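Colleague: I've never read one of these models before. Could you walk me through a few features, starting with the charged pairs?

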Amino acid sequence: MGYFLRTLQLLSTCVAISLVGSLDSWTVPTSTWSFVILCFCCLMTLIILIIESLALQYRFSFSWGDFLLCHACYLALFCLLVSIIYPTTYVQFLPCNPSRDRAIAATAFCFISTVSYATEAIWILGWPRTGDFTGYIGSLPFLLKMLETLVACVILPFISNPYLYMDHPLLVSCVAVYSICFILGIMTILLNLANYENWLPISSSMFHLVLSLLSVLLYIGALVLWPLYQFDEKFGGQPERSRDVSCQHRLTNYVCIWDQRLAVAILTAINLLIYVADLVYWAHHVSVGTEDQPGNS
């Protein structure tokens with residue numbers, strides 16, 4: 001079952017990559033982002049296929065079952081995001097020609113990848129709970145952290161245009177916030193998968209609480225600064241969409257600049273809410289005294 005699913009994932013992502021790459025749309029941020037995400041999914045699937053073919057998974061110190069479940073959940077959501085964002089921010093702007101047909105076909109194969117990764121996740125959830133699972137994947141902290149990193153990943157293509165922020169140092173700091181919090185989220189998941197949290201000098205719950213508080217404070221700053229400098233005329237912003245030249249006609253084949261600014265503002269607010277939920281969860285753990293004891297190195 002696993003070999004069949006990964007072969008299907010590999011073939012569908014490879015076809016989607018070839019179709020997206022043939023469209024010569026490297027100047028469109030969301031199209032480039034979709035191409036990179038699909039390449040990442042294909043590469044990760046190929047690596048796992050090689051590892052399991054050579055039975056190398058038994059040499060790893062971390063939980064292989066947790067890793068496979070995390071991989072399947074993440075890549076299913078990544079492909080789902082590409083299946084939604086790619087057609088809505090790029091395909092719909094294309095004229096009716098063979099390029100549009102290839103882009104629609106790429107979306108279809110990406111959706112096939114989504115279904116195959118989701119099927120793998122459901123299949124792994126049905127495995128007996130042996131030593132291959134630590135219980136972290138599927139828990140509320142993991143789901144919140146996964147949502148945080150996914151939303152941050154969606155923000156990335158919209159801030160890939162330097163024109164949006166290079167004129168204001170405070171807007172550059174917002175981009176730094178998105179990048180830093182994304183990296184911290186990925187590192188936290190990896191620490192949990194590898195069971196390295198027991199090596200920390202403080203309790204696991206306190207470590208998560210501090211990270212969540214830091215992320216909330218950083219995102220509050222970004223939520224204030226980004227709309228202020230993007231939409232307030234006093235700070236050089238553009239409050240009305242109709243005044244954006246790129247939004248006044250359909251000659252462009254991508255989302256206009258003002259819509260990109262708005263998308264980042266909305267996604268920032270969404271991610272802040274997720275970080276607040278994460279902060280409340282860990283604050284509750286610490287307050288009721290259920291935090292883990294510091295591990296010994």
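Colleague: How many salt bridges does the count come to?

Modeller: A quick caution before the count: this is a predicted model, where local features need pLDDT of at least 70 and side-chain atom pairs count only at pLDDT 80 or more, while totals for chains, interfaces and linings use all residues. Residues are numbered from 1 along each chain as its sequence is written, and side-chain values use heavy atoms, with hydrogens and water left out. Now, a salt bridge is a side-chain nitrogen of Lys or Arg within 4 Å of a carboxyl oxygen of Asp or Glu. By that rule, the count here is five.

Colleague: Which residue meets Arg6 in a salt bridge at 2.7 Å?

Modeller: That's Glu120, with 2.7 Å from N to O. Helices here are DSSP runs of H or I with at least four residues, numbered from the N terminus. Arg6 sits in helix H1 (residues 2–21) and Glu120 in helix H4 (residues 98–125), so this pair links distant parts of the chain, 114 residues apart. There's a network too: salt bridges link Arg6, Glu52 and Glu120.

Colleague: Are Arg6 and Glu120 buried or exposed?

Modeller: Check the relative accessible area: under 20% is buried, over 50% is exposed, and in between is partly exposed (1.4 Å probe, protein chains only). Arg6 and Glu120 are both buried.

Colleague: Where do Asp278 and Lys145 lie?

Modeller: Asp278 and Lys145 form a salt bridge, their closest N and O atoms being 3.2 Å apart. Asp278 is in helix H8 (residues 257–287) and Lys145 in helix H5, so the pair ties together parts 133 residues apart in sequence. Both residues are buried.

Colleague: What about Asp259 and Arg241?

Modeller: Their side chains meet in a salt bridge too, at 2.8 Å, N to O. Asp259 is in helix H8, and Arg241 is in the loop between helix H7 (204–231) and H8, 18 residues apart. Asp259 is partly exposed, at 22% relative accessible area, and Arg241 is partly exposed as well, at 35%.

Colleague: At what angle do H2 and H5 pack?

Modeller: Axes are lines fitted to C-alpha atoms, for helices over the stretch in contact, and angles between N-to-C directions run from 0 to 180 degrees. Helix H2 (residues 29–53) and helix H5 (residues 140–158) pack at about 135°, with their axes 8 Å apart. That makes H2 oblique to H5, since under 35 degrees is roughly parallel, over 145 roughly antiparallel, 65 to 115 roughly perpendicular, and the rest oblique.

Colleague: Which residues make the contact?

Modeller: Contact means heavy atoms within 4.5 Å. H2 brings Pro29, Thr30, Trp33 and Ile37, and H5 brings Cys153, Val154, Pro157 and Phe158.

Conventions:
Helix = DSSP H or I, 4+ residues; strand = E, 2+ residues; numbered from the N terminus.
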